[in-house]
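Here are my notes on the structure you sent over. They are set out as numbered points, and each can be checked against the coordinates.

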Amino acid sequence: MINPSAIGWIDKFFAEQKPLQLPVLVYPEEFYTKIRETGFTYGHIVSFDTIKPISLKGWTSEEISKVALLNTLYNVFGLITHESNPEIFIAKAVTFYKQMNPEGFSLLKKVLPDNSITVDLEKIIDERVQTNENIISKNFSHILTNALLFEDVLAFRQYLINGEIPNNYLKKLEETIVSIVSLALNTKSKKSNYDDLLIKLFEASVRFTKFSKVNVQNLEVLELDYFNSDLEKYYLIDMAGLALWNDGIIEKKEASFLYQLGELMQIPANFVDNSITATDDFIRKYKKEIPYFNYSNPVKHFYDQATQTVVVLISRNKNRLIKELSNNAELMLLLTHSTHRHLEDKEKKKVKKQLLEICKTVPSLTIFLLPGGSLLLPILIKFIPKMLPSAFNENLEE
């Protein structure tokens, strides 16, 4: 099984999938429908559209997003070029992302000259799914930032067709998405507590444009004829439908907005029907798992998400962590004491400092060194004693 947090995961992905070296023939609507069914366009990924099934059990949301982004880029590569060679795809994807890198965006800061091209792509994708500034905001808004990852797919399509990304394409796409979401929400007869939050999260999630307020008054001024691909149009309709769903009801006026949007972009009404049904079915099925719909208690949400991440990291690095801890008797003793009593401030500082030193030696645990990462340390401290053999704790207590 691939580990999307370890170097070499892209090569392993293609080795396991073993794509046939044959021309790829796929229709845009079929392609888009399959991607939507995985949840990628909604920002909550529940499966992959791969040749061989991949289990998501034990994966973090970032790891899932990384594989989903890679696979969707590869699929659109096949859709446009009718090629299936992973080596050609990887070279094209790296060149695309280097062109996509706007001024001031440190997308390629981790790419080193001596890396293989595959490792370059791994590092690029790693940065693409880590879009927010710190762990806290990422846990709250990742459903929207992940939904906007489909922008990369649309831009990659443009690159494959034109040999370059059209000037200001991504900026125009983002502005249109946020404007359509804002207009969709204005059609609601009753505003919910989520509506303002949704706009704020979308605006906080954009990468290529800077604006604080949407001033568009109607769909006609959006210049929707700029987008001539069915994939772009399908995505814009789904984003509007996602925004309208947040109270669980699509009113007549709201549905009319979606049909008007489809008509302006010359998309058949039956696709809008399917979009409304697909969005409703998906969210009703996965609502309890989607962070946006569980925002009523953000502290609990953050703790639940963070705990899940920490448990996965601990389980994967258990042996390495135990080895490092066994070389630090003082830290082991303090961690054991923490299960029976409250540590003094001086002891807490010592535990924090020594744990961070250990995290520096285990690549997968460097998450605790990132901005906001120290807030996860109490969760790490809580779970460390549970993973240790009982003899460890007994000997230390003696």
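Predicted model: local features only at pLDDT ≥ 70, side-chain atom pairs only at ≥ 80, totals over all residues.

1. Helix 7. This helix runs over residues 150-162 and has 13 residues. From its first C-alpha to its last it reaches 19 Å, close to the 18 Å expected at 1.5 Å a residue. Of the 13 residues, 11 are buried, so helix 7 is largely enclosed by the rest of the structure. The buried set is Phe150, Glu151, Asp152, Val153, Leu154, Ala155, Phe156, Arg157, Gln158, Tyr159 and Leu160. Among them are Glu151, Asp152 and Arg157, which count as charged.

2. After helix 7. Gly163 follows just after the helix and takes a positive phi of about 80°. In the loop between helix 7 and helix 8 sits Asn168, whose phi is near 65°, a positive value in a residue other than glycine. Asn168 counts as partly exposed because its relative accessibility is 48%.

3. Aromatic pairs. How many aromatic pairs does a search of the whole structure find? The search gives 23. One of the pairs joins Phe14 and Tyr74 in an edge-to-face arrangement, with 5.0 Å centre to centre and 70° between the planes. Phe14 belongs to helix 1 (residues 9-17) and Tyr74 to helix 3 (residues 61-81), so this pair ties together parts that are 60 residues apart in sequence. Both Phe14 and Tyr74 are buried.

4. A pair involving helix 7. Phe89 and Phe156 also form an edge-to-face pair, at 6.2 Å centre to centre and 75° between the planes. Since Phe89 lies in helix 4 (residues 86-100) and Phe156 in helix 7, the pair ties together parts that are 67 residues apart in sequence. Phe89 and Phe156 are both buried.

5. The cluster. Ring pairs link Phe13, Phe14, Tyr74, Phe77, Phe89, Phe96, Tyr97, Phe156 and Tyr159 into a cluster. Both pairs described above have their members in this cluster.

6. Helices 10 and 11. The axes of helix 10 and helix 11 (residues 252-264) come within 10 Å and cross at roughly 170°. Helix 10 is therefore roughly antiparallel to helix 11. The residues of this contact divide into seven nonpolar, two polar and one charged. On the helix 10 side they are Leu236, Ile237, Ala240, Gly241 and Leu244, and these meet Glu254, Phe257, Leu258, Leu261 and Gly262 in helix 11.

7. Thr187. Where does Thr187 lie? Its place is the loop between helix 8 (169-186) and helix 9 (193-205). Thr187 is buried, because its relative accessible area is 10%. Leaving aside residues up to four places away in sequence, Thr187 touches Leu244, Lys253, Glu254 and Phe257. Of these, Leu244, Glu254 and Phe257 also take part in the contact of helix 10 with helix 11.

8. Glu223. Is Glu223 buried or exposed? With a relative accessible area of 52%, Glu223 is exposed, because the cut-off for that class is over 50%. Glu223 is found in the loop between helix 9 and helix 10 (230-245). Its phi is positive, about 55°, although Glu223 is not a glycine.

Definitions and conventions:
Residues numbered from 1 in each chain as written. Heavy atoms only, no water. Helix = DSSP H or I, 4+ residues; strand = E, 2+ residues; numbered from the N terminus. Buried < 20%, exposed > 50% of the residue type's maximum accessible area, 1.4 Å probe, protein only. Contact = heavy atoms within 4.5 Å. Expected span 1.5 Å × (residues − 1). Axes fitted to C-alpha atoms, helices over the stretch in contact; angles between N-to-C directions. Parallel < 35°, antiparallel > 145°, perpendicular 65-115°, else oblique. Phe/Tyr/Trp six-rings, centres within 6.5 Å; stacked < 30°, edge-to-face > 60°.
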